[in-house]
Amino acid sequence: MTVETPSPLKRIYIENIGAHAGETVTLQGWLYNKRSSGKLHFLQLRDGTGTMQCVVFKGDVSPEIFEAADKVSQESSIQVTGVVKEDTRSKLGFELGVSDFQVLGDSVEYPISPKEHGVAFLMDHRHLWLRSSRQNAIIRIRAEIIRAVRNYFDQNGFTLVDAPIFTPNACEGTSNLFETDYFEEKAYLTQSGQLYMEAAAAAFGKAYCFGPTFRAEKSKTRRHLTEFWMVEPEVAFMDLYEDMDLAEDFVCYIVAHVLKNRRAELEILERDVSKLEAIQKPFPRITYDEAIALIREHGPEEEHKNFPWGEDFGGDEETIISSQFDKPVFIHHYPTEIKAFYMKPDPANPKYALNVDMIAPEGYGEVIGGGQREDDLEVLVAKIQEHGLPLEAFSWYLDVRRYGSFPHAGFGLGIERTVSWLCGLHHVRETIPFPRLMDRLSP
Ligand code: 4AD
Ligand code: MG
């Protein structure tokens, strides 16, 4: 296919249209939608940065061009040249008065029509679905959240230390590990970069990693992916309470950043931004025992009235707890016995761990898990054995305690849970460009 681009075409992006009022410009993109009435065709052109109405008036163009604009089908790639005119009725504030139009690539029977489709169908066509305005807005907000994550740590003295994806160790229990054959040795896809960040904290003081993590989740919930992105800071000489201070400051920064830079996208998603504007420090902090009391008091079902002490919270319980607050809530001091091997028991009462989860408001579930780590070599060795984990594989991790052990803490924030909260999405499957779920590996 040869595309003619006669010079002096001024090709611009829709997001910059405001700087070109009155000028003749060229847009390249795809036909999002079209309506016609006699002498006029209204083409909605989207170029990835926005959507703009391009008006083809019969009197302004050759009959061939008018005919081509009549025939062009949904999602054909197109090039349009015309004058940028102010138009107070359109959201963008501008429309294009077309003088030239050309189809670059046909699109025959685009599968996603403006009518309603089921989720399974849309998921099967995820590679095309990403073109729709809602999905586009979600992924732009996701990108903005990630920008905020990096800015925050880069500007606050943290060093980015990438953790490996192939690992010899389980970090978050053995029940949901993806196992791979690594040249006749067993390797696992990482569940968390935390163990590596603990080593990094000793090398850099403040470190973070950000990358994909994997859990062979056999449950089909609206909050679980098998592949998700997690950012994990780890700080030397930080305790549980400072860990909460950091998590709170970090989350407030992300929310403020998205509110500042992605208003238009939040509007497309009809997100109630007043709920996000309420996200200000400090966040409430409650203990596991206090959380149990809330579940027993406010849970709608009989089983909640008798929710047993010593059980971990699932999505339902998180929703009950979050409904009591209009901000994220920290739950700390879970029973040591239900938490990962690396959690440090509180020296004041070792029945409880120095761990913390942050639960998002409005029922979006746990967005952060973290806490203070066991820094005593002997205790940690015993814990690894108690949890039935192979000690040899953790030898390198134990070195962090053998050579200058230090109190330290950190956390992991799940990007997709954060996107679902900020965008107001019920299910995490729309929060990542190409979701991996128990029953979905394609596209
Ligand atoms: O609570 P998790 O399992 O904590 C850890 O992995 C720690 N090692 C992190 C650390 O302290 N450095 O996971 C952390 C967060 C959860 O709060 C949640 O937001 C997200 O990761 N997450 C998932 N998101 C989507 N799908 C899943 N299957 C997830 N599992 C955890
Ligand atoms: Mg957790």
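User: Does Cys423 count as buried or exposed?

Analyst: Cys423 is buried, at 2% relative accessibility. Buried means under 20% relative accessible area, exposed over 50%, partly exposed in between (1.4 Å probe, protein chains only). Keep in mind this is a predicted model: local features need pLDDT of at least 70, side-chain atom pairs count only at pLDDT 80 or more, and totals for chains, interfaces and linings use all residues. Side-chain values use heavy atoms, with hydrogens and water left out.

User: And how many disulfides are there?

Analyst: Zero, taking a disulfide as a pair of cysteine sulfur atoms within 2.5 Å.

User: Switching to aromatics. How many pairs?

Analyst: There are 24 aromatic pairs. Rings of Phe, Tyr and Trp (its six-membered ring) pair if their centres lie within 6.5 Å; planes under 30 degrees apart are stacked, over 60 edge-to-face, the rest tilted. Phe283 and Phe330 have ring centres 6.1 Å apart and planes at 35°, so they make a tilted pair.

User: Are those two buried or exposed?

Analyst: Both Phe283 and Phe330 are buried.

User: Which residues form an aromatic cluster?

Analyst: Tyr152, Phe153, Phe158, Tyr208, Phe250, Tyr253 and Phe411 form one.

User: What lies over the face of Tyr397?

Analyst: Arg401, at 4.4 Å from the ring centre. The cut-offs there are NZ of Lys or CZ of Arg within 6 Å of the ring centre and within 35 degrees of the ring normal.

Note on methods
Residues numbered from 1 in each chain as written. Chains lettered and ligands numbered in written order.
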